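Trainee: I would like a close look at one part of this model, the nonpolar core and the contacts around it. Please take it slowly and give the cut-offs as you go.

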Amino acid sequence: MNNSTKKTSLVRLLLAIIAAVFIVLTGIQILLVSNFSNKSTSDSYGENCEEIAQAYSLMLTNRLNMYLREVRYYVDSDVVQTLNTDNIIKWMCSKNDSKSANIDAMYFCTLDGTAYRDDGTVANFRNEEFFKAIVDDGNYKYVSNPKMDEVIKKPIFYVAQVVVVNGKKLGVFAGVYPLSTIQKMVSDIELGETGNAFLLDSNGTVIMYPEYGYAMKKNFLTGLSEEHKDLQLIADSMVQRKSGSGWIKDLSDGKRQFITYAPVHNAPWSIGFKIGESQIYSSGRAIQQIMVISFIVIGFILLVITAMVLYRMLNPLKKVESTINEIATGNANLTKRISVSTNNEIGAIVVGFNNFTAKLQSIITELKKSQVTLVNAGEILSQTTAESADAIDKIKDSILDTTNGIKSQSDGITETSAAVNEIAANISSLEKMISNQVAGVTQASSAVEEMVGNIDSVNNTVVKMADSFKLLSESVSDGYNKLSSVNEMIVNIEADSKLLLEANDVIANIASQTNLLAMNAAIEAAHAGEAGRGFSVVADEIRKLSETSTTQSNSIGERLGNIRTAIENVVAASEQTSAAFTSVAEGIQNTDNLVQTIKNAMTEQKEGSTQIIQALHDMNDSTSEVNSASKEMSEGNNLILGQIGRLKDSADKMQAFVNMMDQSTDQIDRSSSELIDISTKVSEAINQIGSQIDQFEV
């Protein structure tokens with residue numbers, strides 16, 4: 001852990017998490033309860049308001065039925081049965097003072113549209129709405145939409161019924177009623193603090209609306225802006241005499257309002273109620289406030305109790321924290337252990353950590369032992385490489401001596417060949433130079449003596465070559481034996497490196513399992529909530545130790561990989577060296593065989609030369625003996641020529657073998673240099689592994 005980083009209190013963190021979760025869950029609960037309460041309240045209000053709308057619609061219907069009954073009084077009068085229009089009009093005028101107080105005026109309209117008022121005035125109602133509805137459309141009774149009276153400048157409406165006698169339409173009685181009565185009835189309707197009623201006619205014109213100035217002036221179908229499309233849709237449903245409800249934005253302040261509506265029977269009107277959103281959701285808001293206050297109190301008590309419990313539960317983790325920091329500092333002291341005092345998840349983590357530390361301690365101990373063995377093997381490898389280099393130097397010196405001897409032998413053979421050719425020339429002219437026999441014999445004797453001297457020189461050279469090849473063979477054998485020892489040591493080193501790689505894999509697996517253990521511990525800590533906060537700290541420390549072990553394991557694995565590569569190179573170079581030694585041994589054996597052949601040939605040549613000298617001495621005794629000796633010399637000369645040819649071929653083969661040995665020696669020298677470099681790299685790698693392992697205290 002970085003000491004410069006500010007330490008975070010686990011108790012505070014867990015309390016903050018619990019508080020945040022509590023606030024979120026509480027907010028969600030309050031929101032859900034509020035929405036459910038608002039929806040239930042809205043549904044309940046909707047149902048109640050629809051029933052209220054139907055009730056007030058029935059109230060208006062009853063009022064209109066009363067108006068219809070008042071007009072019915074005129075329709076059912078006895079005077080109507082006379083079928084005399086003048087009598088009907090007179091009777092109606094006579095009832096002017098005694099008519100119902102609700103009626104402003106009474107009209108009797110003939111079928112041609114002429115309307116006779118009860119005050120004696122006459123008008124034409126042919127284009128009136130109620131007249132068309134009864135006469136043209138065949139309605140029995142009709143309540144018209146309100147209209148402004150041009151005389152009194154007040155809104156009125158007509159209540160009309162047809163007059164039928166004996167199945168024949170006689171005319172229409174129509175009462176003029178002031179709209180103010182209906183308007184007052186609607187304006188007096190209140191639902192709570194914000195609930196009001198309003199009334200629309202069949203054209204969408206406002207008959208009554210709580211806002212001042214809308215009555216008989218505002219049309220909700222054609223007089224609203226796009227912003228109040230919602231109210232226009234509701235007005236359209238009302239005009240179509242439907243029942244229902246919906247939400248709109250208020251025309252004055254734009255607040256949401258709930259609308260419910262129902263048609264008024266016996267009239268082309270529709271009544272509606274608008275209620276403010278605040279009134280509908282007032283109970284829901286009260287419940288919401290109570291819930292907020294109660295949750296604040298409960299949350300405070302819960303946090304206090306949780307803080308006390310967490311403090312008591314997490315207090316023992318301070319000792320665990322100090323022990324882990326002591327283990328993590330210094331040179332990775334693996335002898336440290338944490339004492340276990342609890343039998344829970346935290347105690348299980350501590351036990352697992354102690355087991356991991358003990359296992360890691362045993363592995364590092366074995367690695368240190370292997371380090372000592374590897375250092376000794378490296379020293380032996382370096383010493384053996386140096387001895388191999390010395391043996392190779394000796395082999396090179398022996399090959400140089402052999403090359404010089406072969407060169408001297410080749411020179412002697414060349415001289416011998418010249419001498420033999422000269423003898424052949426003398427023998428060919430011996431028969432013609434009998435007279436000069438003495439001189440020829442003397443010359444032949446000198447030549448033969450010289451040849452004998454050369455043969456002795458060649459013979460001595462061959463003896464030296466045999467000795468040199470014997471020494472060379474012994475050096476090659478000694479170098480091959482030492483190289484075999486080196487190969488055995490390299491095989492042992494390779495086996496040790498495999499053991500180290502296996503141990504390193506074990507360390508990596510343990511580190512991976514420890515990391516997995518730390519991850520599981522962190523998950524358990526998260527599940528435990530506030531109680532697992534200290535548990536999370538322990539898991540984090542274990543994860544850091546696992547990452548450190550993984551880093552060390554990767555470094556050791558990389559070093560061991562380099563050592564193994566170097567050992568493989570040493571094995572390859574050693575195999576090449578063994579092959580070169582084998583080739584050199586075979587070349588030396590072949591060369592030694594040729595030297596023995598040359599030695600035998602020289603012995604035979606010496607014996608032939610002795611016979612030639614004896615023949616020259618006998619030549620002075622007799623010409624016949626000279627001729628005979630001449631023939632014998634000719635035969636001996638042919639034999640010498642054959643021997644010299646074979647000797648020259650052997651010398652050439654020996655030279656080729658020596659050249660091959662020289663090349664093999666160069667290859668051995670290069671292999672030795674590579675072996676020395678590899679030995680140096682192995683020593684460096686061993687030292688690096690040692691420095692890594694020495695960081696652990698076991």
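Mentor: What follows starts at the core and then moves to the rings, the charged pairs, the backbone and the surface.

This is a predicted model, in which local features need pLDDT of at least 70 and side-chain atom pairs count only at pLDDT 80 or more, while totals for chains, interfaces and linings use all residues. Residues are numbered from 1 along each chain as its sequence is written, and side-chain values use heavy atoms, with hydrogens and water left out.

A nonpolar core here is a set of buried Ala, Val, Leu, Ile, Met, Phe, Trp, Tyr and Cys residues joined through side-chain atoms within 4.5 Å. Buried means under 20% relative accessible area, exposed means over 50%, and partly exposed is in between (1.4 Å probe, protein chains only). The largest core has 46 residues, and the members that touch the most others are Phe-157, Phe-173, Ile-182, Leu-199 and Trp-269. Helix α1 (residues 10-75) supplies the largest share of this core, nine residues. Helices (H or I, at least four residues) and strands (E, at least two) are DSSP runs, numbered from the N terminus. Another core lies apart from the largest one; it has 23 residues, including Ile-363, Ala-503, Ala-566 and Ile-686.

Two of the core residues named above also form a ring pair. Rings of Phe, Tyr and Trp (its six-membered ring) pair if their centres lie within 6.5 Å; planes under 30 degrees apart count as stacked, over 60 as edge-to-face and the rest as tilted. The model has 18 aromatic pairs by this rule. One of them is tilted: Tyr-73 and Trp-91, with 6.0 Å centre to centre and 40 degrees between the planes. Tyr-73 belongs to helix α1 and Trp-91 to helix α2 (residues 85-94), so this pair ties together parts 18 residues apart in sequence. Tyr-73 is partly exposed, at a relative accessible area of 47%. The pair of Phe-157 and Trp-269 is edge-to-face, because the ring centres are 5.3 Å apart and the planes stand at 85 degrees. This pair links distant parts of the chain, with Phe-157 in strand β6 (residues 155-165) and Trp-269 in strand β13, 112 residues apart. Phe-157 is buried with a relative accessible area of 0%, and Trp-269 is buried at 1%. A single aromatic cluster is formed by Tyr-73, Tyr-74, Trp-91, Phe-108 and Phe-173.

Charged groups also lie over rings. A charge sits over a ring if NZ of Lys or CZ of Arg is within 6 Å of the ring centre and within 35 degrees of the ring normal. Arg-256 lies over the face of Trp-247, 4.3 Å from the ring centre. The charged end of Lys-218 sits over the ring of Tyr-214, at 5.7 Å from its centre.

There are eight salt bridges in the structure, each a side-chain nitrogen of Lys or Arg within 4 Å of a carboxyl oxygen of Asp or Glu. One of them joins the side chains of Asp-118 and Lys-99 (3.6 Å, N to O). Asp-118 is in the loop between β2 (114-117) and β3 (122-124) and Lys-99 in the loop between α2 and β1 (105-109), so the pair ties together parts 19 residues apart in sequence. Asp-118 is buried at 4% relative accessible area, and Lys-99 counts as buried at 18%. Another salt bridge joins Asp-250 and Lys-274 (4.0 Å, N to O). Here Asp-250 is in the loop between β11 and β12 and Lys-274 in strand β13, so the pair ties together parts 24 residues apart in sequence. Both Asp-250 and Lys-274 are buried.

Next, the backbone. Most residues other than glycine have a negative phi. Asn-266 has a positive phi, near 70 degrees, and is found in the loop between β12 (256-264) and β13 (269-276). Asn-266 is partly exposed at 31% relative accessibility.

Last, the surface. Ile-293, Val-297, Phe-300, Ile-301, Val-304, Ile-305, Met-308 and Val-309 form a nonpolar patch with about 770 Å² of accessible area together. Patches are made of residues with over 30% relative accessible area and no salt bridge, with like charges joined within 9 Å and nonpolar side chains (Val, Leu, Ile, Met, Phe, Trp, Tyr) within 5 Å. Accessible areas come from the Shrake-Rupley method with a 1.4 Å probe, and for residues only the protein chains shown count as cover. Val-297 lies in helix α7 (residues 282-314) and is partly exposed at 46%.
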